[in-house]
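Please open the model in your viewer and keep the sequence beside it, ready to select residues by number. The stops below follow one another as a tour.

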Amino acid sequence: MSQVRVRFAPSPTGFLHIGGVRTALFNWLFARQQQGVFILRIEDTDQSRSTDESIQAIIEGMKWVGLDWDEGPFRQTERMDLYRAHAMKLLETGQAYWCVCKAEDLEARRKEAEAKGLSPRYDGRCRNVKLAGQPGDAALRFKARQEGQTVIEDLIKGRVVFDNAVVDDVIILRSNGYPTYNFSVVVDDALMGITHVVRGDDHLTNTPRQIPIFEALGFAVPRFGHLPMILGADKTRLSKRHGATSIMAYKDMGYLPDAMVNYLVRLGWSHGDQELFTRQELIEKFSWDHVQTSAAVFNPDKLLWMNAEYIKMSPPSEVAQALAPHLEQAGLKDELRTVSNEWLAQLVVLVKERAKTLADMVEWVRPYFGQGATFEVDAAKKFLTPATAPLLQKLLTRFEALPSFSKLVWEDSFKKFVEEEGIKMGALAQPVRVALTGRTASPGLFEVMEILGRERTLVRLKAGIEHAKTNQA
RNA sequence: GUCCCCAUCGUCUAGCCUGGCCUAGGACAUUGCCCUUUCAAGGCAGUAACACGGGUUCAAAUCCCGUUGGGGACACCA
């Protein structure tokens with residue numbers, strides 16, 4: 001069999017959304033598995049809705065999730081001659097005809113048909129009129145076969161049969177000379193040698209319109225695969241009111257691209273009970289017959305869990321790198337400059353089990369920048385009290401006697417002190433925690449001391465003691 | 001309205017094609033317990049589903065038909 005060639009063909013009318021990424025992902029996985037070619041094609045024939053910013057957003061989004069393409073991006077507006085030439089070919093061979101019906105009239109007739117309970121399809125008024133030459137503002141329609149059936153052997157849905165009688169004559173060239181979607185896709189898919197057209201479920205009924213055009217043009221008909229839709233919690237098509245749908249919004253919220261990919265691929269595809277997959281595993285294990293046939297509800301909770309898994313298992317240095325922009329945005333730009341990559345990676349290790357997103361992580365990590373700690377009011381009020389001050393002072397004296405920091409030694413010293421004083425661990429640990437981090441919740445105390453280093457640990461302890469002495473209970 | 005697709009825990013799904021191993025498995029969420037210097041993480045346990053009705057068969061989540069329900073398409077949008 002010849003080489004697999006697949007494509008992702010979004011229209012640039014907004015940001016790149018989650019559904020689009022999933023469609024791209026399935027195409028990409030198949031291409032990589034089959035050592036095929038993955039093509040990016042921008043379907044911008046609707047001049048009024050397409051924007052260059054959207055094209056940039058698509059490219060940016062694809063790059064962020066790491067779906068690289070082998071050819072393109074092609075823009076349909078740069079291929080107009082091709083569509084016109086093929087449309088003329090259909091006209092010459094009698095497989096297309098000019099239609100002078102006005103858009104408003106068509107609309108009115110559609111409404112009328114609908115009111116009568118009929119299908120609102122084109123009534124074929126201009127089909128046999130045989131207008132000579134191109135009338136002024138006519139559109140070109142494809143003369144679709146009315147008898148027989150069009151059969152799709154869908155990669156995902158299996159055999160789907162349409163009666164040709166339900167397919168009307170679609171416009172292939174608008175009166176302004178621009179091709180319509182149903183025509184430009186066919187020409188492009190054929191000319192680009194696409195072997196497998198994999199797209200959303202919502203295109204399933206377009207397929208019986210497109211197959212006859214491939215045939216009329218003398219092109220080989222590709223295989224088709226129709227992916228089920230992604231729905232919101234209320235089981236309607238995923239849209240803004242279900243929350244963020246732009247892929248880049250997830251980047252901003254602190255999701256890792258690998259987690260997004262893993263979540264999205266599991267939404268509609270499975271490999272037994274396995275939940276977590278590396279990219280390489282996905283490429284190896286992907287197969288059409290385990291793609292779900294029914295729509296899936298997007299579940300932000302599971303995405304969040306998966307992101308947490310990726311934060312835990314990704315190399316800390318990589319997480320640190322992804323975290324840096326979030327830190328800058330949180331106003332820690334100057335602080336960030338003073339620390340090393342190694343230290344930041346170490347900090348990630350400290351908090352990675354607590355943060356579910358990079359945005360979360362920023363808050364977990366914040367107390368370890370800068371010389372002093374900022375005490376949370378309630379935390380300080382509860383734990384940095386005049387009663388605890390002497391205890392903290394004694395601990396400080398002990399620590400000051402230890403010339404260099406060693407986690408084991410300091411921990412040992414701390415525990416012995418607790419024992420000698422005959423107090424509970426928590427009675428000392430919480431005040432110390434607040435002194436060192438300003439908060440009641442943090443990673444292990446001795447890990448915190450380690451990341452702060454000896455000097456800052458002592459400085460913060462002192463500041464905590466001062467605060468405790470003057471605390472009005 | 002017409003055509004098309006779909007139907008297993010709240011959600012994602014395994015099992016369905018090639019009926020018995022299904023007293024239906026896993027994951028997220030949720031509940032309880034354990035661990036514990038806090039918060040997490042982790043461990044253990046629990047609640048929870050074959051839409052309904054008919055067939056076929058010794059046997060049906062699995063095959064067939066119907067009903068109901070959901071989704072999609074029906075543009076000079078893509």
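Begin by selecting K143, which counts as partly exposed because its relative accessibility is 26% (buried means under 20% relative accessible area, exposed over 50%, and partly exposed in between, with a 1.4 Å probe and protein chains only). The model is a predicted one, in which local features need pLDDT of at least 70 and side-chain atom pairs count only at pLDDT 80 or more, while totals for chains, interfaces and linings use all residues. Residues are numbered from 1 along each chain as its sequence is written, chains are lettered from A and ligands numbered from 1 in the order in which they are written, and side-chain values use heavy atoms, with hydrogens and water left out.

K143 lies in the loop between β5 (139-142) and β6 (149-154), where helices (H or I, at least four residues) and strands (E, at least two) are DSSP runs numbered from the N terminus. Show its surroundings next: leaving aside neighbours within four places in sequence, K143 is in contact (heavy atoms within 4.5 Å) with G94, Q95, A96, Y97, R127 and D169. For a sense of scale, draw a line from K143 to L332, 189 residues apart along the chain, whose C-alpha atoms are separated by 64 Å.

Now select R141 and Y122, where the charged end of R141 sits over the ring of Y122, 3.4 Å from its centre; the term requires NZ of Lys or CZ of Arg within 6 Å of the ring centre and within 35 degrees of the ring normal. R84 and Y178 give another such arrangement, with the charged end of R84 5.9 Å from the centre of the Y178 ring.

Which residues form one aromatic cluster? Select F26, F30, W269, F277, F286 and W288, which together make it up. Within it, F277 is found in the loop between α8 (257-266) and α9, and F277 is buried, with a relative accessible area of 3%. Not counting residues up to four places away in sequence, F277 touches N262, R266, W269, H271, L282, K285 and Y310.

A search of the whole structure finds 13 aromatic pairs, meaning rings of Phe, Tyr and Trp (its six-membered ring) with centres within 6.5 Å, counted as stacked if the planes are under 30 degrees apart, edge-to-face if over 60 and tilted for the rest. One of them is F26 with F286, a tilted pair at 5.6 Å centre to centre and 40° between the planes. This pair links distant parts of the chain, with F26 in helix α1 (residues 18-33) and F286 in the loop between α9 (279-285) and β12 (296-297), 260 residues apart. F26 counts as buried at 0% relative accessibility, and F286 is buried at 2%.

Move on to W343 and F369, whose ring centres are 5.5 Å apart with planes at 75°, so the pair is edge-to-face. W343 belongs to helix α13 and F369 to the loop between α14 (358-365) and α15 (377-383).

Finish on α13 itself, where W343, L344, A345, L347, V348, L350 and V351 are buried. What covers these buried residues includes α11 (316-329), α12 (333-337), α14 and α19.
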